[in-house]
Protein chains: 2
Amino acid sequence: MNQEFLEFVSIQLMKGSKTSLYVQLYDSLCELIISGKLSYGYLLPPVRKLAVFLAVNPGTVVNAYKLLEQNGYIFSRAGSGSYVAEIPAKGDTEYQPAAEIELEPLPPVTVHPGKNCLDFATVMPPPDLLPIDDFKNLLIEVLDRDQGKAFSYQDSQGFEPLRQAISTYLKEQGIKAQANNVQIISGAQQGIDIVAKAVLNYGDYVFTENPTYPGAIAAFRSRGAKIVEINMESDGINIQELEVKIRSFRPKLIYVMANIQNPTGYSYSLGKRNRLIGLARRYNALILEDDYISELDVSDAPLAPLKALDRDQRVIYLKSFSKIFMPGLRLAFLLMPPSMVTKVLASKHNSDISTSGLTQRAFDLYLRKGIWQRHIAAIRRIYLERYQTTLAAIEEYLPPAVTCHRPRGGLTCWLALPEGVSAQQVVQAAQQQGVLLTPGTAFFPRHAPDRFIRLSFAVVCSEEILQGVKILGDIISQYCLLNTEK
Amino acid sequence: MNQEFLEFVSIQLMKGSKTSLYVQLYDSLCELIISGKLSYGYLLPPVRKLAVFLAVNPGTVVNAYKLLEQNGYIFSRAGSGSYVAEIPAKGDTEYQPAAEIELEPLPPVTVHPGKNCLDFATVMPPPDLLPIDDFKNLLIEVLDRDQGKAFSYQDSQGFEPLRQAISTYLKEQGIKAQANNVQIISGAQQGIDIVAKAVLNYGDYVFTENPTYPGAIAAFRSRGAKIVEINMESDGINIQELEVKIRSFRPKLIYVMANIQNPTGYSYSLGKRNRLIGLARRYNALILEDDYISELDVSDAPLAPLKALDRDQRVIYLKSFSKIFMPGLRLAFLLMPPSMVTKVLASKHNSDISTSGLTQRAFDLYLRKGIWQRHIAAIRRIYLERYQTTLAAIEEYLPPAVTCHRPRGGLTCWLALPEGVSAQQVVQAAQQQGVLLTPGTAFFPRHAPDRFIRLSFAVVCSEEILQGVKILGDIISQYCLLNTEK
């Protein structure tokens, strides 16, 4: 027996079986890898040698290796061969070929929750907090000033005065920015989509936090990219896991929310920010930072975005103005490394030519006149109160076995239920009592644990918060009890 | 010598060469196909047999076949083997692997042509023809009526009353439509992009007219699809060519403009409409009909869209309201076969969640109050005059060797220059005399002939048309003369 192939003696291929030889070989190699017999970094034998050993033709081995690579079990280095990849927890490696993945709709946006519901699911501000009159006056001002130009095609990169106003605004937040590197887009979702188009080709790897925003997963999958998740911890992404996986998968892009992450509310420590950027530099990955909601950081020392630490132009910064302002307006921007500007512009152009010129012109005035800043200050006051009420209610009404990390702000809390209590069951039971919540499962790309709930205080007043969290607490307590009795 | 492999005796592969064996084999097979030695429909030998004959391993043949298929030279049928595909004119088959294609920006939109230019390049109406005051009043009406709701997230499929109003409008045009099958989108370019996302996977074939709208090419390429062009004739797509190619390539999608095509201005005959739909049915392809500008059909008997003939739900109808209305508003819709509704909705959601609710609500009133219909009628009167002036000026000032098919309307004419006269040179010379034109080369996905010019009368008055076409005529005459002297 050739010592070199000791690991492969268990492989038995059946010619004439219905399952083709290469799929049989693929399955056998998968087993060896998953069981740990071939461990991370193992150099697989050259195609020809393994083919001779198994008495199959080399094409069979080639195809099996290809499928392994496609599904994330191995990776190859030009000129040096194929290696076993780092394999996440069992089951997590079931990558489907992206072309066969159906596009998946995001969870529906709750536009009109029932009248008598306590709505802890919606994460946009209620219509009565939106600055309607201010914006109406600005629209009229723009139309009177610009006439037909407000309705003509807009430059695909965006209305230049607005890009100037944004770069001024960013400088106030500690981010160096030039109008040339700003791309106006129609909301944050489009930002993710056009960055995916500009950066990712079919089969490329992209890293996301786990859990993460499902709209990002959908955009990356639609692009045919392979998604590898890195677990979130309360001080940011798991850096050891990132380090091992980045070495194996060499992702083109890492998608993160460094401040008040969606859905966990976690924020990255300064140490983890620097490690993330350092690893991205070392393995030449781009970072897409989705600044989801940092205006609502109500802590004593609000954090600057990750982009503020980006010394070697590796972070694409994505910021939506619509999230806490006017979701239906569809307005956001990207601040890009200069090297990305042309690619992203082409991608925007191919997607929808340009964002509404009228909206851009009105929002430009909104920023320049300082009304945005005043609106944010007003909204912060309202949400600070709801945030404090929510945390106090959680403390008071939820069983101590429920854990909730205190976020720096934002619109949501992330609840971890005790072992053995099903989040989906709790959410359903709550809904029957008129309390709407979002089960955490929606936020995990794969193998979602059934123990998290996202609780949003975006559209509920203090009184409703107390009432709703109390109901939730009672439900969870009952399930805990049931659990103990079992 | 084995008679079976007679065609392959010329193949000589050099082991140890810098070029890998499979690429050498690919090149040799390409030559045989292009030279016609292996002709359309030829069944290639099984991998193993050819490998034995050439004394290479089967993996080499597998890889060469794969590359041939990827590049459109052969196609395979499950269980029956690989066949030589129909090969278009030499050179047209140089498909690049889509992943390596750079995203390409569209030709820049001319927003502010120089003051003293005669602008025959821009194809959107000038700002002073846009119905600003009407629309401003509607915006105010909507904001007063809907308050914050106008700025909340909009249903991803679109504002329901607007979808109702559109289906009513379509019924007036002879198209059966239900609001359920209407998807609101942010302009026609987005329609092409989201249909591409919903229908095409990496490596799928899509057919386009040749020449065609470059924005569509860019969207399909960005999706990783392979584009096969079908030549346009003055009464529509070349049906013989379509028939041969559809059999070989089995496209998922055929992108057409049946009425007043961009850039040629050609419209499909009734016979060709029916043949196109019949072939799509037979080979199970979807058709994306881009109704570019049929409101400006100024002929005595305006044509209904192709969609009106779609009895078996195979045509996706794309209509922009912004083209001759308000380009900067970014508003269009898709009327879909019911089976496509969910996929397209997911694709829209993943692209940008929804189109601006404010714009949709204002445009809804615009349609319901009949202002759109009045606007179209007014615009038609203006463009009928410019259309007639342009055709008369072409007749009078351009040398008879320039041919121009009389379009049924629209905003442009498509000029074919005499043999030997370079369109690019003429366009450059015209520009130096202050006349802006678009060379036809931008509209051909590959191997653009240098003899077409698109002349737009969208932003020039009658006087300017006469002046500009006269200058163009003089320039072309000079080039014709130079050409004769050579």
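**View 1. Domains of chain A.** Domain bounds here come from an automatic or database domain assignment. The model shown is predicted. In chain A, the assignment gives domain 1 (3-87), domain 2 (118-123 + 376-485) and domain 3 (130-369). Between domain 1 of chain A and domain 2 of chain A, the C-alpha centres are 47 Å apart.

**View 2. The contact between chain A and chain B.** Chain A contributes 64 residues to this contact, and chain B contributes 64 residues. Together the two chains bury about 5600 Å², with 62% of that area on carbon and sulfur atoms. There are 20 residue pairs in polar contact between chain A and chain B, counting pairs with both residues at pLDDT 80 or more. On the side of chain A that touches chain B, the elements giving two or more residues are helix H3 (58-70), helix H4 (132-146), helix H6 (188-199), helix H7 (214-222), helix H10 (341-352) and helix H11 (357-368) of chain A. The residues of that side comprise 29 nonpolar, 21 polar and 14 charged.

**View 3. A salt bridge between the chains.** Four salt bridges are counted between chain A and chain B. A:Asp193 pairs with B:Lys197 in a salt bridge, where the closest N and O atoms are 2.6 Å apart.

View 4. A:Ser320 belongs to strand S10 (residues 315-320) of chain A. A:Ser320 counts as buried because its relative accessible area is 8%, and the cut-off for buried is under 20%. Apart from neighbours within four places in sequence, the residues in contact with A:Ser320 are A:Ala188, A:Asp291, A:Leu331 and A:Ala332.

Conventions. Residues numbered from 1 in each chain as written. Chains lettered and ligands numbered in written order. Predicted model: local features only at pLDDT ≥ 70, side-chain atom pairs only at ≥ 80, totals over all residues. Heavy atoms only, no water. Contact = heavy atoms within 4.5 Å. Buried area = accessible area lost by both parts, 1.4 Å probe. Salt bridge = Lys/Arg side-chain N within 4 Å of Asp/Glu carboxyl O. Polar contact = N/O pair within 3.5 Å; in protein donor to acceptor, adjacent residues only side chain to side chain. Helix = DSSP H or I, 4+ residues; strand = E, 2+ residues; numbered from the N terminus. Nonpolar A, V, L, I, M, F, W, Y, C, P; charged D, E, K, R; others polar. Buried < 20%, exposed > 50% of the residue type's maximum accessible area, 1.4 Å probe, protein only.
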